[in-house]
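Please keep the sequence and the 3D view at hand while reading.

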Amino acid sequence: MYNSRISGLGFYVPENVVTNDDLSKVMDTNDEWIQERTGIRERRHVVKGTDTTTSMGVKAAQKAIERAGIDKNDIDFIIFATLSPDYYFPGPGVLVQRDLDIKTVGALDIRNQCSGFVYGISVADQYIKSGMYKNVLVIGSELHSHGLDMTTRGRGVSVIFGDGAGAAVLTREEETTKGILSSHLHSEGQHAEELSLIAPGMGKRWVTDILEDVDSGEEDTSYFPYMNGQFVFKNAVVRFSEVIMEGLGANNLGPQDIDMLIPHQANLRISQFIQKKFGLSDDQVFNNIMSYGNTTAASIPIALTEAWEQGKVKEGDLVVLAAFGSGFTWGSVIIRW
Ligand code: UT7
């Protein structure tokens, strides 16, 4: 029986910092509202024509591969999680294979939004545990800013999201007491539309209709993300708690055993609620949403990398990753570092 461990981590965010005050110049919002409701102070937005979802993922991956101490051609499989791919198809997994000039290994794209990285780690872990692959590259990357409604109409969503990428290399481990102990995945499609972007999608309408509508003068808002914020918030706090407890319980552990919880950076208030519920100290929960906003599939690998870089994730630590988001989908990963 093999186990898998995270052998390398990396992240990349674009240089362009967008503060809450910057947003208040283009829509009716303000720093106080954003900080009070979300904890966000600033986020990064890609400057048009510079990065793409794939290029950010590639930069994060290069760092992760270097830190894993392997050659790029030691990668056996690529997993890419995003809700903001460069193209409708093909997905960015193959673009990473091309741009990193990796040999013709398989590339899988994951469509699980905020839970995408957790799902990706779970898939990679199964491939490694089964003995099929030795090194799997898992990337989460998002370029939200080009697709947001940057008017007052979209302010409930647009102030939250930011751009960036994170990556991890998972490597086969002979020792079974260390590494990824378990992963736990869930979905509830009943609430699919509560946090969604309906178009482009073949269920939306026929291309011929779109062509006919071109001159109608009506703006099609289904190309912007929609979120029923309060409903998502209420579900998030419940599902985060459940799936963390499920993961701990599966390993005969409890909240007191957590050394570092890395929650998906959806809203600082959600993280604080979970922290309080489990009686965790500030040292046991890592948050960086203040600086990057919600980067969806990228948020956990960015946070995990920063925590590790700051020495807050150490050998022997019990690290818990947990995510909730559009789908609804949610999940947790329990790691003995
Ligand atoms: O990552 C995936 C998972 N996502 C989440 O977990 C997000 C969960 N939801 C949330 O984080 C919160 O619901 C939000 C931060 C999105 C919104 O906070 P809220 O406290 O639920 O605000 P709200 O949507 O109920 O809006 C309250 C008021 C409204 O005005 P009225 O109707 O009370 O006059 C909004 O129009 O705040 C207004 N508002 C804003 N005001 C200034 C909404 N967005 C803004 C804004 N600036 N950006």
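## Terms and basis

A polar contact is a pair of N or O atoms within 3.5 Å; within protein, one of the two must be able to donate a hydrogen and the other to accept it, and residues adjacent in sequence count only if both atoms are side-chain atoms.

The model is predicted, so local features need pLDDT of at least 70 and side-chain atom pairs count only at pLDDT 80 or more, while totals for chains, interfaces and linings use all residues. Residues are numbered from 1 along each chain as its sequence is written, and side-chain values use heavy atoms, with hydrogens and water left out.

N20 lies in helix α1 (residues 20-24). Helices (H or I, at least four residues) and strands (E, at least two) are DSSP runs, numbered from the N terminus. Is N20 buried or exposed? With a relative accessible area of 0%, N20 is buried. Here buried means under 20% relative accessible area, exposed means over 50%, and partly exposed is in between (1.4 Å probe, protein chains only).

T19 belongs to strand β2 (residues 17-19). T19 is partly exposed, at 26% relative accessible area. T19 and R44 are 25 residues apart along the chain, and their C-alpha atoms are separated by 8.6 Å.

## The ligand site

The ligand is surrounded by 22 residues, and the closest are T29, R37, Q230, N267 and N294.

Which element gives the most to the shell around the ligand? Helix α8 does, with four residues. Domain 1 (3-173) and domain 2 (179-192 + 226-336) both give residues to the shell, so the ligand lies between them. The domain bounds come from an automatic or database domain assignment.

For W33 the distance is 3.1 Å. An N or O atom in the side chain of R155 lies 3.0 Å from a ligand oxygen, and for H264 the corresponding distance is 2.9 Å. Taken alone, the ligand exposes 960 Å², and the protein buries 72% of that. These areas come from the Shrake-Rupley method with a 1.4 Å probe; for residues, only the protein chains shown count as cover. The elements that give two or more residues to the shell are α2 (31-38), α6 (155-158) and α8 (229-250).

## Salt bridges

How many salt bridges does a search of the whole structure find? The search finds twelve. A salt bridge is a side-chain nitrogen of Lys or Arg within 4 Å of a carboxyl oxygen of Asp or Glu. One of them joins the side chains of K129 and D125, with 2.7 Å from N to O. K129 and D125 are four residues apart in helix α5 (residues 116-129), so about one helical turn separates them. K129 and D125 are both buried.

E188, R239 and E242 are linked in a network of salt bridges. Between E188 and R239, the closest N and O atoms are 3.1 Å apart. This pair links distant parts of the chain, as E188 is in the loop between β8 (179-187) and β9 (195-196) and R239 is in helix α8, 51 residues apart. Both E188 and R239 are buried.

R239 also forms a salt bridge with E242, with the closest N and O atoms 2.9 Å apart. R239 and E242 are three residues apart in helix α8, so they are separated by about one helical turn. R239 has a relative accessible area of 18%, so R239 counts as buried, while E242 is partly exposed at 38%.

## Contacts of D149

D149 is in the loop between β6 (135-142) and α6. Its relative accessibility is 7%, so D149 counts as buried. The side chain of D149 makes a polar contact of 2.7 Å with the side chain of T151. Another polar contact, also given as 2.7 Å, joins the side chains of D149 and R153.

Technical notes
Near = heavy atom within 4 Å.
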